[in-house]
Amino acid sequence: MLIAGNWKMAKGPSEAAAFCRALREADLPDDVDAVVCPPFTSLAEAVQTLAGTEIGVFAQNCHWEREGAFTGEVSAPMLRELGVYGTIVGHSERRQWFGETDETVAKRAGAALADGLHVIACVGETEAEREAGETEAVLRRQTAVLEADDNLVVAYEPVWAIGTGKTATPEMAHEAHEVIKSVLDVPVLYGGSVKPDNAAELLAQGAVDGALVGGASLDVDSFVAICRAASHS
Ligand code: PGA
């Protein structure tokens, strides 16, 4: 089981260090891989504070070129140099607000993997797409552009469940994960309003291999509670 905390645009370096110090002290279950995904400016602090632990530090994005004229972007070798273990790509907020497409997501994933980073690639349908009965087609399209890799994990995040307090039912998550796995044989995380009190039920589904957690990962006790709920499921 992999539990990844996506901090989004929260926690500068000092808050990140405080969180990571507390996480170091927490009693995390051995059968759960815990990962934190701080914003770029807090990555160095997180890597240093978590050095010598099994807790991974991931970025939230990564460009497909190694260097060049791409203002505002960061590349895989730069992340590697910091000691970052992996990166998220294709989060729906990137797709919605920053023009990310299936093609750019695939390029980012491919380049990060080629440079030795682990990747969490996000897919998921909008509410309108679900209502129109397009969920399966959208998931197939978004997943088909990715290439299987031992270091690739997909996160199924229905856009209507992100930050809304609405979650997919465990059955909906299971069905979506089966669709993704039929296209690409990789572990699939569920994301979208995962909290300590709904994590166990979602993670008990056979096709659910972990969670990508936003809001509930910002508080160390709540993040640790989700990691504990994931243990033995
Ligand atoms: P949420 O975010 O847990 O706050 O819904 C999940 C995500 O966007 O990764």
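1. Basis of the note. The model is predicted, so that local features need pLDDT of at least 70 and side-chain atom pairs count only at pLDDT 80 or more, while totals for chains, interfaces and linings use all residues. Residues are numbered from 1 along each chain as its sequence is written, and side-chain values use heavy atoms, with hydrogens and water left out.

2. Strand β5. Strands and helices are DSSP runs, numbered from the N terminus (strands: E, at least two residues; helices: H or I, at least four). Strand β5 covers residues 118-123, and five of its six residues are buried, so the strand is largely enclosed by the rest of the structure. Buried means under 20% relative accessible area, exposed over 50%, and partly exposed in between, with a 1.4 Å probe and protein chains only.

3. Neighbours of β5. Two strands are taken to pair if DSSP finds at least two bridges between them. Strand β4 (residues 86-89) runs parallel to β5 and is joined to it by four bridges; here V89 has A121 as its bridge partner. Strand β6 (residues 152-156) also pairs with β5 in the parallel sense, over five bridges. Across this pairing, V119 stands opposite L152 and I120 stands opposite V153.

4. Strand β6. Five of the five residues of β6 are buried, and the strand is mostly covered. In a regular strand the side chains alternate between the two faces of the sheet. In β6, L152, V154 and Y156 point one way, and V153 and A155 point the other way. Strand β6 also pairs with strand β7 (residues 188-191), in the parallel sense and over three bridges; V154 has V188 in β7 as its bridge partner.

5. Surface residues. A patch of negative charge on the surface gathers D27, D30, D31, D33 and E54. Such patches are made of residues with over 30% relative accessible area and no salt bridge, like charges being joined within 9 Å. D27 lies in the loop between α1 (13-25) and β2 (33-37) and counts as exposed at 59% relative accessibility. In the loop between β6 and α8 (170-183) lies G165, which is exposed with a relative accessible area of 57%. Between G165 and E25 the C-alpha to C-alpha distance is 29 Å, and the two are 140 residues apart in sequence.

6. Twelve salt bridges are found in the whole structure, a salt bridge being a side-chain nitrogen of Lys or Arg within 4 Å of a carboxyl oxygen of Asp or Glu. One of them joins R66 and D115, with the closest N and O atoms 2.7 Å apart. R66 lies in the loop between β3 (56-59) and α3 (76-82) and D115 in the loop between α5 (102-114) and β5, so this pair ties together parts that are 49 residues apart in sequence. D102 and R141 form another, also with the closest N and O atoms 2.7 Å apart. This pair links helix α5, which holds D102, to helix α7 (residues 135-144), which holds R141, 39 residues apart. D102 is buried at 14% relative accessibility, whereas R141 is partly exposed at 44%.

7. Further salt bridges. E125 and R130 meet through their side chains at 2.7 Å, N to O. E125 is buried at 0% relative accessibility, and R130 is partly exposed at 26%. A network of salt bridges links E73, R94, E100 and R108.

Note on methods: Patch = residues over 30% accessible without salt bridge, like charges linked within 9 Å, V, L, I, M, F, W, Y side chains within 5 Å. Areas by Shrake-Rupley, 256 points an atom, 1.4 Å probe, with all protein chains shown as cover. Lys, Arg positive; Asp, Glu negative; His and termini not counted. Charge placed at Lys NZ, Arg CZ, Asp CG, Glu CD.
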